[in-house]
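Open the model in your viewer and keep the sequence at hand. Each stop below gives a selection, then what is there.

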Amino acid sequence: MPDSETSVEAGATAPEGLDQRALDSGKLAFQGRMPASSLVEPRDLALAAAAAAGVYDPARDSAEDALERCIIVENLTEVIEKMAIHDEGTHGAAALAEYQDGFFDADGNRVGTVTGSARVLSMAPHMWQYHRSRTEFDGGTFETHGVIDGTAILHGYTQIFQLTGTSGRFSGKVGFMTLTIDDPTQRPPRYRTSFAMA
């Protein structure tokens with residue numbers, strides 16, 4: 001609940017140091033209908049990676065120059081190959097999932113393997129999970145981590161992980177990876193993913 005001393009009435013001019021758009025951003029909440037998708041364009045993901053790496057400032061630098069410094073891999077399919085769930089009878093919170101997934105390119109070629117774990121943090125009203133993994137490609141490896149909203153994924157919304165390069169062409173780089181359910185009719189379901197590093 002906003003402090004009444006700092007809250008600004010609707011239509012009022014923003015106080016010094018506070019952009020008017022910050023005052024009005026709440027208008028976007030609870031509008032009833034959300035977009036059917038929250039996909040992140042690979043270009044935008046790459047610019048975020050470049051900003052995280054400290055090689056891109058949108059207010060000063062050329063986006064095209066920043067993109068040339070990035071590794072962008074898009075349109076991968078992620079398939080669960082192995083998964084063991086340890087829930088000690090809790091059926092939810094505190095459950096631990098250990099998994100191995102394969103990454104496949106648009107032609108169906110296996111291009112990478114991810115080995116990781118997901119710990120369920122809470123189940124209601126959304127299922128929050130903490131993921132940590134290691135991904136191996138022919139050209140190098142990176143580690144992934146982050147807190148994601150599993151409920152949002154099941155409703156088709158994209159979640160984003162942070163990446164840290166550990167070897168090969170990814171060594172010393174940082175970036176982000178998207179995760180979106182692609183084909184929920186498959187058993188297990190297929191996921192769509194892209195990543196960018198700088």
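Select Phe-142 first: this residue is buried, at a relative accessible area of 0%. The model is a predicted one. Now look at both rings. Their centres lie 5.3 Å apart and their planes make 80°, so Phe-142 and Phe-170 form an edge-to-face pair. Which parts does this pair tie together? Phe-142 belongs to strand S5 (residues 140-149), and Phe-170 to the loop between strand S6 (159-168) and strand S7 (174-183), so the parts joined are 28 residues apart in sequence.

Take Phe-137 with Phe-195. Is this pair stacked, tilted or edge-to-face? The ring centres of Phe-137 and Phe-195 are 5.5 Å apart and the planes stand at 50°, so the pair is tilted. Phe-137 sits in strand S4 (residues 128-137) and Phe-195 in strand S8 (residues 190-197), so the contact ties together parts 58 residues apart in sequence. Phe-137 is buried at 14% relative accessible area. Phe-195 is buried too, with 1% relative accessibility.

Switch to a cartoon view for the strands. Eight of them form a closed barrel in the order S1-S2-S3-S4-S5-S6-S7-S8, and the pairing is antiparallel. On average, neighbouring strands of this sheet are turned by 30° against each other, direction ignored. Zoom in on S1 and strand S2 (residues 96-104). Nine bridges join S1 and S2 in the antiparallel sense.

Next, select helix H2 (residues 42-52). Which strands does helix H2 touch? Helix H2 packs on the sheet and touches S1, S7 and S8. The direction of H2 makes about 150° with that of S7.

Stay with S1 for a backbone detail. Asn-75 lies in this strand, which spans residues 71-86. Its phi is near 60°, a positive value in a residue other than glycine. Most residues other than glycine have a negative phi, and most peptide bonds are trans. Asn-75 is partly exposed, with a relative accessible area of 47%.

Two prolines come next. Select Ala-124 and Pro-125: the peptide bond between them is cis, with omega near 0°. Pro-125 is in the loop between strand S3 (110-122) and S4. Then go to Arg-187 and Pro-188. Here, too, the peptide bond is cis, with omega near 0°. Pro-188 lies in the loop between S7 and S8.

Finish with a surface view. The largest pocket holds about 640 Å³ of space. How many residues line the largest pocket? The lining has 31 residues, and Met-83, Ala-118, Gln-129, His-131 and Tyr-191 lie nearest the pocket centre. Colour the lining by element. At least two lining residues come from each of S1, S2, S3, S4, S5, helix H4 (150-154) and S7. S2 gives the most, with five residues.

Key
Residues numbered from 1 in each chain as written. Predicted model: local features only at pLDDT ≥ 70, side-chain atom pairs only at ≥ 80, totals over all residues. Heavy atoms only, no water. Phe/Tyr/Trp six-rings, centres within 6.5 Å; stacked < 30°, edge-to-face > 60°. Helix = DSSP H or I, 4+ residues; strand = E, 2+ residues; numbered from the N terminus. Buried < 20%, exposed > 50% of the residue type's maximum accessible area, 1.4 Å probe, protein only. Pairing = 2+ DSSP bridges. Axes fitted to C-alpha atoms, helices over the stretch in contact; angles between N-to-C directions. Contact = heavy atoms within 4.5 Å. 1 Å grid on protein atoms, 1.4 Å probe; cavity = no way out; pocket = protein on both sides within 12 Å on 5 of 7 lines; lining within 4 Å. Points joined across faces, edges and corners; volume = space filled by probe spheres on them.
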